[in-house]
Amino acid sequence: MSLKDYEFWFIVGSQYLYGPEVLETVAKRAQEMADTLNASGNLPCKVVYKVTAKTNAEITDTIRDANHDEKCAGIITWCHTFSPSKMWINGLVNLQKPWCHFATQYNREIPNEEIDMDFMNLNQAAHGDREHGFIGARLRTPRKVIAGYWQDKDIQERLGRWMRAAAGAAFSKTLKVMRFGDNMREVAVTEGDKVEVQAKLGWQVNTWPVGQLAETINAVTDAEVDALMKEYESLYDMATDNIEAVRYQAREEIAIKKMLDAEGCCAFSNTFQDLYGMRQLPGIATQHLLASGYGYGAEGDWKVAAMTAIIKFMGEGLKGGTAFMEDYTYHLAQGNEYSLGAHMLEVCPSVAAGRPRIEVHYLGIGGKEDPARLVFEGREGKAVVVSLVDMGGRLRLICQDIQCVKPIMPMPNLPVARVMWQAMPDLKTGLECWILAGGAHHTVLSHDVDAEQMRDWARMMDIEFVHIGKDTTAESLEKDLFLSDIAWKLK
Ligand code: MN
């Protein structure tokens, strides 16, 4: 399913106390609100007005239907009038979809002349949403609260960003990851409990033989390679005479894609330590698959592969780009400090500032032929880097705000794509915090999602979330991590 195919059910709380006329008005307005939100162009998915809920049975039935509807990625609730919350308990304790409590109001302003007790009884969201908030808190039901006027663009966009996180949660529940080869020998942070991630996040992480991939590569036809080479030439500048090396990458890409699609996998990992029967480590092959929306992790890192696929899905239709990334090296000039991110080959061209070049260079690691790869500079702008680590007994998602910049030097002898950024709150504090939290060297770098969305996603998946932003200090983070560790052990 594509992101835009998901729906969100709008459930409006009320009760029979006010008589049929008020209930008709509430229902009419709820439909109008859904129509206006859908017409705004600020939401990635459709809002479907479902019910003006007046009884326990209506709420319980609607939530049960939402749980079982594949297209429903979450519910949005709001109380136009007062909606006694004991009516909501049986529904909410069984809720299996993300929930947003939209604390809004039909009218923007208090009408000075018109306002009387009838108006007050019809327009009492300030009252009803507090009763509704209590039951969410009392039941400890995970939820997002968005407060503001429903016609305001910034509020609609915030709702839209939450929808993207919720659709990412739905996507996660169905995600399959194909592993070629195991985790890189001796590496700890890329390891993880595949049973735990399947139970918590839904991921089916399984392995396929590298030998089967080698056979599939060898069976690709020249006509298939010709077609993909045309696509490469339309998107990238051919900056090599070694066309045969590029054609071999096209062959690898076609074969990997065939195997992924045959199993319905949207992400894959491989490792330079297991390339049996392959002539090159996949470079442009992986990069172009990433650009098509597949997730990828190097050195057997299936966690980052899955997270790349999920964040790409959350950012569907946006233009900033999302890439598999690795923190490589620092520029520590005082007051002018930057991180340089890259990888051996596999940075996604969706984050490129300009038109990537296809180059072929020697690669010492892996002991194979010189691989073709895309070389480019990453674009400027606000972004995040995201890392999922397995703490033993629970998963921790770490998200750091970064400001990507045009690389401050050309680095003409660096044979790979490169992205340069300033970490928040600054390189040294940000680095201290990242290391304290146990964040990996592999990340997903994205211009298309923000920390709030990743926090929303982590809440939906019931995993720990750590944010490193402009106000974070190492002292406060250390304390938060200590308390969080205790809380998650008790949970
Ligand atoms: Mn790596």
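**Pocket lining, by residue type**

I sorted the lining of the largest pocket in this predicted model by residue type and got 19 nonpolar, seven polar and 11 charged. For that sorting, Ala, Val, Leu, Ile, Met, Phe, Trp, Tyr, Cys and Pro count as nonpolar, Asp, Glu, Lys and Arg as charged, and the others, Gly among them, as polar. The volume of the largest pocket came out at about 830 Å³. A pocket here is an open set of points on a 1 Å grid over the protein atoms alone, where a 1.4 Å probe fits, with protein on both sides within 12 Å along at least five of seven lines; lining residues have an atom within 4 Å of a point. Points are joined across faces, edges and corners, and the volume is the space filled by probe spheres set on them.

I then listed the lining: 37 residues, with Ala-166, Ala-169, Ala-170, Phe-171 and Lys-173 nearest the centre. Strand 3 (72–79), helix 6 (153–173), helix 12 (302–314) and helix 14 (451–461) each give two or more residues. Helix 6 gives the most, six residues. Helices (H or I, at least four residues) and strands (E, at least two) are DSSP runs, numbered from the N terminus.

**Second pocket**

The second largest pocket holds about 490 Å³. I found 25 residues lining it, and Arg-161, Lys-382, Val-449, Asp-450 and Gln-453 are the closest to its centre. Helix 6 turns up here too, with the largest share of the lining at four residues. By type I noted nine nonpolar, eight polar and eight charged.

Next I looked up the open sheet of four strands, order 7-6-9-10, with parallel pairing. Strand 7 (204–208) and strand 10 (295–297) are its edges, each pairing on one side only. Two strands pair if DSSP finds at least two bridges between them. Strand 9 (residues 267–269) and strand 10 have three bridges, and Ser-269 has Gly-297 as its bridge partner.

**Helices on the sheet**

I checked which helices lie across these strands. Helix 12 lies across strands 6, 7, 9 and 10, at about 155° to strand 10. Contact means heavy atoms within 4.5 Å. Axes are lines fitted to C-alpha atoms, for helices over the stretch in contact, and angles run from 0 to 180 degrees between N-to-C directions.

**Ground rules**

Residues are numbered from 1 along each chain as its sequence is written, and side-chain values use heavy atoms, without hydrogens and water. As the model is predicted, local features need pLDDT of at least 70 and side-chain atom pairs count only at pLDDT 80 or more, while totals for chains, interfaces and linings use all residues.
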